[in-house]
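Here are my notes on the model below. Please read them with the coordinates open.

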Amino acid sequence: MPEQLQIERELKAAFIHHLPERIITVNHDWSRLCQGEWDKTRLQELCQKIQSLTGTSGGFGLINLSESCFSLEVYLGKFIDSHSQPTTDQRKTVDTLMMALKHEAELVCSKSGVERSVNRLIYLLLSQDQLAPGLSGMLAEQGCTVLDFNELDDVESEIQRRLPDVLLIDDSFLTKIATLNRELAIQQERQQRHVGVICISRTRDLEQRLLALRSGVDAYFLVPINIQDLTDRVMELASPKTDRYRILIVEDDASQADFAATILRKSGMKTQVITDPMKVIDALDEFRPDLILMDLYMPAANGIELTTIIREHPDFITTPVVFLSGEQDTDKQLQALSVGGDDFLSKPIRPRHLINTITNRVQRARILEKRHVHPSSRDLLTGLYNRRYFYEQLDRITTGTLDHTTRAGILYISLSQTDPALADSQNEGYLANMGNLISGLLEEQDIPARIDDRSIAILVMRPHQKPIIALAERLADKLQELREGHILTPYIGIATFGTEPISASDLLANASAASGDILGSSQHVKLYSDTLNPTEPPTADQLPLLFRQALNKRRFQLFFRTLVQPHRSHALAYDLKPRLRFPGGKQLGSSELLSLADEEGLGTQFSQWLIERALITLAEKRSEGKNSLIFIVQSSESIFQGTMIGWIRDQLRARQMVGAGLVFEYRIAELSVDLKTAKQHISQLQEMDIKVALSRFGANSAAIKVLHYLKADFVRLAGPILKAGPNEVPGIVEQIRENHAKLILPGVADPGIISPAWTESADLMPMLSAAPMP
């Protein structure tokens, strides 16, 4: 369980890291759609991207983001089947929904520490467009304004008008750059900011490199160029230096910590304060600091002990640690530095000294990181990349748009141990040799990583699918030759994608599933075949198989429907709604999925998956300091099978959570089959602070008796009850209240048909997510 939770956190961090790029792409696609001739195919592609964003953000527990995506998805989806184009007012509505989505994404990124994208001005002075093909487009997707020039004089004139954030030139202009540098210096002095200069060169000549260095060039790239690396460097130089410094302050004295944080924030740095030293490791994983400012003496764990533990973590081997203390004993200071500390500052803190020390340490660490492969991105045993780095790169690739001449893929190598009695040391030797072999067979742009003790994944990009399959087959042959003593048997699954949208987690799951399908067989390579996305909408006969495959591969999308107290705008609770989408817009909703799960005998497994997603969501909301209710529709099978209570306890224990915030919702008619067992189950849930709701509540005398016996916390009315006359409503509500239950109204397409008598009496009611069509 802890390993799986860590994987979830890493995938979520990678998703958030590239979230700004996704939002930029969605906005860009909408703008293109509005500016050109209206194209339904492009609209459908845009809706697919938004649907993917809805499901992924929902799966990671990002409620508000998922809700904003769903609102936009529903509104745009109505135009796919429409024969008319959106009116001016309707396009304005879409623009408003786009802005709301962008705002929610910025809040998510801000909370996680990802910087908001800021428009940057980039000047390109290139003698040939092909020196950096695709660069302008990638920079535009990052929110940059790019101006192209062919003559040095034109750039000089433009600099007099507007100073760019970055100037990118090729080496043919180096001999003439002196006059341009003079103008740059004048404007930089006037505006008190630095312009980053990048040079692209076609030669490895040392004199040319020295000329670039002496001309004030900040970065030097040789042709052929990795455009993503060049884009990253441009964005780094275009960003204010101090904005990138993230400082974790570990200090048990809150006043001292706040004082240091205030100083650093005023200088433009981001800070997070930890006053409980036992929470440092969790903070490192979530905040990912550039430097740790560590108090030396703290209760529970001192700075020396914590630094020793931090240095054992491969991701933080080189993260600078600066100690804070009033300690004057030089031996104690040396001891602190000997365990991996980088500097020692004496209290009381001097603001200028603090800022300069931190700035210098972070800058030096970043220079070292650029000069060689950062140890924290590598697995120590195999020499391959670690899982976190792999997820970040995979998410970057799936976030971007591949051209029609490129195919990306994952080779997922599962290792099956034929003899469990063999020593781990033998396995380690084989893994180390595997790392060397794999690295020798790959191209420079490929990214191999060790995922865990029994799997390795490789991200590859090739012109088409055939070379990817050929690479997998060659790897399989070489790995078979490497086997000694039948220690571990490798099985390679392949999953590829091109221009179609897919999430990083789905692509990884596909490749893993393909390798899992052939474990123990004579076949050692398998290409994933996505039967979950047939070219045509599935028939009724196909649905059970598609449901099973979706459950095995965790391919359901999630979105959230807000429940509000009538006449109040703030959200009190959410319905967690799963769905399974198919081409052509067909989808299965939560009721259909639950029925399929019960028919296939998978109700408990489906309920457990939904509970896991709800726990992730609750953890996200609690990290924001908010307490929310998450309503999850459950299969009655999960009650009568008798294994659910123990499983739930294990889940809560593993996550160090309580059940508060979970609301399990059961169809009342299904519980009537065995009320005694249902009552026992509900009592056990309530002992864990999990609440229970009865759905499709008919409010007749039989339903009231069941409510009284089961003592549920909520009832959700059946749709037909809404037709009750105003004189009948008070009596129904009174009976529900007498049984200490709260009343939830069902979701309807038109809330206007609900009688005011119901809305006045209800505790919660669904709020429509999407704006209505004008």
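1. Ser635. This residue sits in the loop between β19 (629-633) and α23 (637-640); helices (H or I, at least four residues) and strands (E, at least two) are DSSP runs, numbered from the N terminus. Ser635 is buried, at 0% relative accessible area. Buried means under 20%, exposed over 50%, and partly exposed in between, with a 1.4 Å probe and protein chains only. The side chains of Ser635 and Asp598 make a polar contact of 2.5 Å. A polar contact is a pair of N or O atoms within 3.5 Å; within protein, one must be able to donate a hydrogen and the other to accept it, and residues adjacent in sequence count only if both atoms are side-chain atoms. Leaving out residues up to four places away in sequence, Ser635 touches Leu594, Asp598, Gly603, Ser607 and Tyr666; contact means heavy atoms within 4.5 Å.

2. Basis. This is a predicted model: local features need pLDDT of at least 70, side-chain atom pairs count only at pLDDT 80 or more, and totals for chains, interfaces and linings use all residues. Numbering runs from 1 along each chain as its sequence is written, and side-chain values use heavy atoms, with hydrogens and water left out.

3. Overall. The protein chain has 29 helices and 24 strands. Of its 774 residues, 52% count as buried. Among contacts with a separation of 6 or more, 71% join residues 24 or more positions apart.

4. Helix α13. Which residues of α13 (residues 303-311) are buried? They are Gly303, Ile304, Leu306, Thr307, Ile310 and Arg311. Seen down the axis of α13, these buried residues fall within an arc of 165°, so they line one face of the helix. The arc is that of the directions from the helix axis to the C-beta atoms. At the start of α13, a side-chain oxygen of Asn302 comes within 3.0 Å of the backbone nitrogen of Ile304.

5. Positive phi. Most residues other than glycine have a negative phi. Arg288 has phi near 50°, a positive value. Arg288 lies in the loop between α12 (280-287) and β8 (291-295). With 27% relative accessibility, Arg288 is partly exposed. Ala699 also has a positive phi, near 65°. Its place is the loop between β21 (691-697) and α27 (701-710). At 12% relative accessibility, Ala699 counts as buried.
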